[in-house]
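Have the structure open as you read.

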Amino acid sequence: MKMREVRKNMALIFQDTYSSLDPRQSAGSIVGEPLRIHHMIMRRGKYKDKVERQFCIVGLDPSMIDRFPHEFSGGQRQRIGVARALAC
């Protein structure tokens, strides 16, 4: 149980963006996954707002939320990983 609390405060950002992002998940789902795992946001509207805010923080257009990893450049994929790490 203690490790779960620690994981809320740290995250890894992998350098290899091709293998670190699940190709079956949308970018928005990837960024929002830590929020769901750690039960940080319960309402759907707040969840979407938080994910959109994370996209803006890393310099990605929130309209890209429904795209899949193969539709992004390498740098944009790296930004998705950073947004995911910062989500919590």
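Start with R24 and D22, whose side chains meet in a salt bridge, with N and O 3.3 Å apart. The term salt bridge here means a side-chain nitrogen of Lys or Arg within 4 Å of a carboxyl oxygen of Asp or Glu. R24 is exposed, at 69% relative accessible area, while D22 is partly exposed, at 26%. As for those words, buried is under 20% relative accessible area, exposed is over 50%, and partly exposed lies in between (1.4 Å probe, protein chains only).

A quick word on what you're looking at: this is a predicted model, where local features need pLDDT of at least 70, side-chain atom pairs count only at pLDDT 80 or more, and totals for chains, interfaces and linings use all residues. Residues are numbered from 1 along each chain as its sequence is written, and side-chain values use heavy atoms, leaving out hydrogens and water.

Now find E33 and R84, which form a salt bridge with their closest N and O atoms 2.8 Å apart. This pair links distant parts of the chain: E33 sits in helix α3 (residues 27–37) and R84 in helix α5 (residues 74–86), 51 residues apart. Helices are DSSP runs (H or I, at least four residues), as strands are (E, at least two), numbered from the N terminus. R84 is partly exposed, with 30% relative accessibility.

How many salt bridges are there by this rule? The count comes to 3. One of them joins the side chains of K48 and E52, at 3.2 Å from N to O. Both residues belong to helix α4 (residues 44–57), and because they are 4 residues apart, about one helical turn separates them. E52 is partly exposed, at 24% relative accessibility.
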